[in-house]
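My entries follow the order in which I consulted them.

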Amino acid sequence: MEDDEDSGLKIFREFRKEGCERLDAPCRRAHSHYSVQIVWHLLSVMVQCVTNSMGYGPRNCARVDADFCAQLFEGAAQLFDSIPAVRPATEHGFGAMRGAMTQAELDSKRTRLEPLSFRSWLALSSLGLAAIACPVAAADAQLAIAQNLADLSLEELREVRVTSVSRRDQSLLDAPTSIYVISGDEIRRIGATTLPEALRLAPNLLVAAIDARQYAISARGFNGNIANKLLVMVDGRTIYSPLFSGTFWDAQDFVASDIDRIEVISGPAGPTWGTNAVNGVINVVTLSAAKTQGASLSGTTGNLESVAVGRYGFTVSDDIAVRAHVRTFSRDASQLSGGGNLGDASRGTSAGMRADWARGRDTVMVNAGLYTGTTDDRPGFGSVDLHGANITGRWSRKLDDASNVELQAYYDDTSRKDNFLLQEDAKIFDVEAKYRQTTGAHQWLAGAGYRWAQDRSEPGLIFAFFPPERTQSWYSAFVQDEITLTAPLTLTLGMRMEHNPYSGWEALPSVRLGYRVGQESLVWGALSRAVRSPSRFDREIFVPTKPPFAIAGGPNFTSEIANVAELGFRTQLAANASLAATAFIQDYDRLRSGQIINGAFQFENRIAGQIRGIEAWGNWQPVKDWRLDAGLLWLDERLHLTAGSNDPTGPSNLGNDPRIQWSLRSTHTLGERLDGTVAVRHVGQLPSPVIPSYTATDATVNWRARPDLRLSAGVRDAFNSGHSEYQGFSTISTIPRSFFVSVSYQPR
Amino acid sequence: MKTARRSLHGLLGTQQRLALWLGGLAVAMACLDARAQITAAPDEVEAAYVHKFLSYVEWPPRVLSTASAPIVVGVAGSDRMFDLLSAIATSHTAQGRAIRIVRLGKPEQVPDLHLVFVGKDAWGDLPAWTAASKDRGLVVATDAPQGVDRGATLAFVQLAGKIRFEASLSAAERAGIKLSARLLAVADRVVGAGQ
């Protein structure tokens with residue numbers, strides 16, 4: 001134990017003795033020698049901590065000397081200060097880029113940019129390491145303390161501060177799936193005013209703003225304007241369009257103060273959620289009306305958008321609570337990266353209500369919404385006009401201690417007029433029944449669902465759907481059994497059969513195995529088959545709107561298939577630190593490709609291949625007032641055309657994804673009334689078309705001036721003048737640096 | 001030195017440099033802060049207390065007959081507490097005796113016990129446990145609200161982010177055990193005093 005405690009500091013003793021603090025001073029050994037030692041030391045500590053938390057190894061975690069992190073920081077700072085001259089990187093910085101850039105152009109820019117020397121990289125990465133070293137050192141100390149509390153005296157125990165934060169729901173730790181939960185508090189703390197901006201908090205999602213209104217959002221790849229492998233729900237209502245199995249993000253109402261949590265599952269969840277849950281599921285859960293009582297007014301304004309929300313919650317009787325809200329917004333046009341703007345400044349109003357009724361064994365929820373929105377007249381294309389209404393009802397009854405039934409139905413009417421992209425009038429009715437029962441070691445979930453949709457799409461300037469109007473229905477039945485094999489080992493078997501109007505019956509089976517290691521850790525693995533069934537977009541789209549067609553639908557298009565293997569690990573390192581990681585291989589077959597038939601494109605299924613990757617995230621709260629969240633996503637896409645394909649573009653049509661993405665978020669509570677968040681996210685380069693990598697830093701400060709009044713201010717992308725995140729159908733917009741202030745008043 | 005300074009300005013803009021230093025400073029300060037504080041989850045602290053209690057209770061000879069008899073601690077209504085106490089018991093003793101942890105169900109059939117911890121899922125059974133402790137030399141500890149007022153011998157309370165405990169002399173007397181003066185001195189509140 002003594003040796004372990006010393007080894008961290010020993011590195012620095014040697015480091016100084018040999019005069020290596022400065023890069024320009026003579027040092028007996030290469031600086032890389034020390035960085036390897038430091039990294040090795042940190043890794044060995046982490047491994048020890050993890051094995052200890054799993055109940056193996058010595059009871060006391062080997063501790064990094066507390067001085068280690070301070071020493072490392074100081075050493076890194078000295079190195080940083082002594083970096084030799086490097087040509088300014090900023091003059092070629094990505095912020096200065098204009099327009100779309102081919103790979104060749106980008107490469108030529110890259111070669112002109114003088115690379116940082118190895119020594120400079122070393123210095124900078126050491127600084128980064130300092131930030132990592134401290135958490136590890138202290139998290140380790142925390143673990144040791146938690147294990148050694150029994151050695152404290154009664155008097156000492158009296159002074160131990162307790163924290164209940166960051167110990168996730170036990171049920172969440174048990175779930176053998178890759179799930180990240182965004183809390184409503186986190187959303188409010190960063191001042192998110194739209195659903196896509198809130199989703200940036202999930203490390204297992206790819207979120208890219210296309211312009212001021214539209215987003216490309218996906219999990220585990222295939223991100224695009226028409227991303228179609230992610231199922232998105234708000235309080236159980238699916239919000240994707242049956243036209244293309246994707247989500248129109250600009251049509252979604254969002255009241256941050258009403259959000260309870262957003263559950264983000266990456267990976268297939270077909271048995272429970274259905275055919276669109278190929279790469280993931282987003283489930284937005286709002287607070288019950290009983291928890292949002294009284295009046296609340298909030299307003300946000302900044303250089304990009306202004307939003308105002310008013311809400312009022314009241315009780316009708318002891319067991320019925322109701323809330324209603326109105327929201328209005330206006331947003332500036334998006335700036336094109338080549339100069340000028342898209343002319344798509346938008347504004348809109350939405351209103352919604354939720355009522356909850358609970359009596360005895362029954363609970364009933366009714367949720368309804370209305371929205372309308374429009375944009376400026378875009379040159380040549382006119383405005384985008386949206387409106388819609390929806391209502392959801394859910395009734396659940398507890399039959400006895402071990403079983404319950406749930407019935408849910410919704411009706412959703414949406415309308416979109418966009419001459420340039422897609423026009424749609426859709427009416428959807430959906431009903432689903434679920435039954436849960438626990439008998440002995442089995443937890444059963446069974447259900448059946450039916451969906452009816454009527455969809456009408458008038459030809460626009462570019463796209464048309466033939467026939468323009470369709471009435472379709474889907475039905476499904478599913479069953480899942482979670483079996484406790486032994487106390488730590490759980491097996492979950494799931495099966496769903498779903499019938500769609502194009503490819504008929506589809507089977508979505510899955511097997512999940514979870515193994516609890518001690519109280520705090522879970523190792524899990526899963527094998528699933530996921531299916532994306534055809535939508536109107538795959539079968540019935542035509543470009544241009546009159547013959548001769550360049551794109552002539554996809555009469556042969558059938559379901560896309562994914563066979564997915566996942567291996568995950570989740571652990572609570574200490575009361576205040578947790579870590580989750582998932583490795584996955586998604587093996588795809590029959591992905592959408594283009595086929596030239598009689599001079600026109602038709603959609604077929606001639607792309608196959610794999611997407612492999614790793615998702616990892618963790619949080620650490622060393623003290624009550626400071627919390628760090630980190631996330632990492634790595635994707636390796638290997639898709640190829642299959643035999644017989646004559647698609648000239650190939651897999652790049654399916655999505656444009658970074659290889660790597662990471663985020664780091666630091667949340668501080670500064671006294672009773674003040675809190676602040678600094679969040680850094682990095683998204684690697686998108687390959688085709690090339691969108692340069694970017695690193696954006698957001699900061700928000702919230703001040704509770706009075707018990708009923710909260711003032712906030714924030715900046716997004718503080719250190720760049722702007723960056724691009726995704727290419728739209730024909731343009732690339734710059735997402736500029738933005739500022740906002742907001743005020744929220746909630747009379748007591 | 002001068003070159004180094006200039007190069008730093010070139011490498012990163014003034015803003016970025018400032019941000020890096022401020023970020024570094026925040027990390028360093030948080031580091032120092034982290035070293036000064038001890039934090040733990042409430043149930044971890046409570047488990048440590050329960051282990052400590054075993055050293056400050058005097059049981060009648062009839063319930064701890066032989067010198068080698070272990071002290072038996074039962075846990076009802078909290079799997080987590082069972083695991084925590086089990087972990088402590090593997091490497092700790094009390095009064096020179098081994099500690100044995102057993103998981104308990106309903107209070108109908110009580111095995112031979114020296115202390116029972118009544119956790120959240122069994123708070124409803126607290127009256128039954130206090131009744132069962134009578135003349136059996138059984139200490140009833142709980143984290144139920146107003147535990148000592150509801151008949152427990154020792155009960156946890158959370159005060160200003162710290163875990164404290166209260167003691168009941170009448171409950172101890174009913175069970176036929178003695179709580180040491182040291183334990184009572186550390187307790188935040190002692191009820192039934194002076195008897």
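The entries below concern a predicted model.

**Entry 1: the sheet.** I looked up the strand order and found an open sheet of 5 strands in chain A, arranged β2-β9-β10-β5-β6. The pairing in this sheet is mixed. I noted β2 (178–183) and β6 (237–238) of chain A as the edge strands, each of which pairs on one side only.

**Entry 2: A:R220.** I located A:R220 in the loop between β4 (215–218) and β5 of chain A. Is A:R220 buried or exposed? I recorded a relative accessible area of 0% for A:R220, and since buried means under 20%, A:R220 is therefore buried. Its side chain makes a polar contact with the side chain of A:E566, at 3.0 Å. I also noted that phi of A:R220 is positive, about 55 degrees, although A:R220 is not a glycine.

**Entry 3: A:R590.** A:R590 lies in strand β29 (residues 577–597) of chain A. I read its relative accessible area as 30%, which makes A:R590 partly exposed.

**Entry 4: cis peptide bonds.** I looked up the bond between A:V543 and A:P544, which is cis with omega about -15 degrees. A:P544 sits in the loop between β26 (541–543) and β27 (551–552) of chain A. I recorded a cis bond between A:S688 and A:P689 as well, with omega about -5 degrees. A:P689 belongs to the loop between β33 (674–683) and β34 (694–706) of chain A.

Note on methods
Residues numbered from 1 in each chain as written. Chains lettered and ligands numbered in written order. Predicted model: local features only at pLDDT ≥ 70, side-chain atom pairs only at ≥ 80, totals over all residues. Heavy atoms only, no water. Pairing = 2+ DSSP bridges. Helix = DSSP H or I, 4+ residues; strand = E, 2+ residues; numbered from the N terminus. Buried < 20%, exposed > 50% of the residue type's maximum accessible area, 1.4 Å probe, protein only. Polar contact = N/O pair within 3.5 Å; in protein donor to acceptor, adjacent residues only side chain to side chain.
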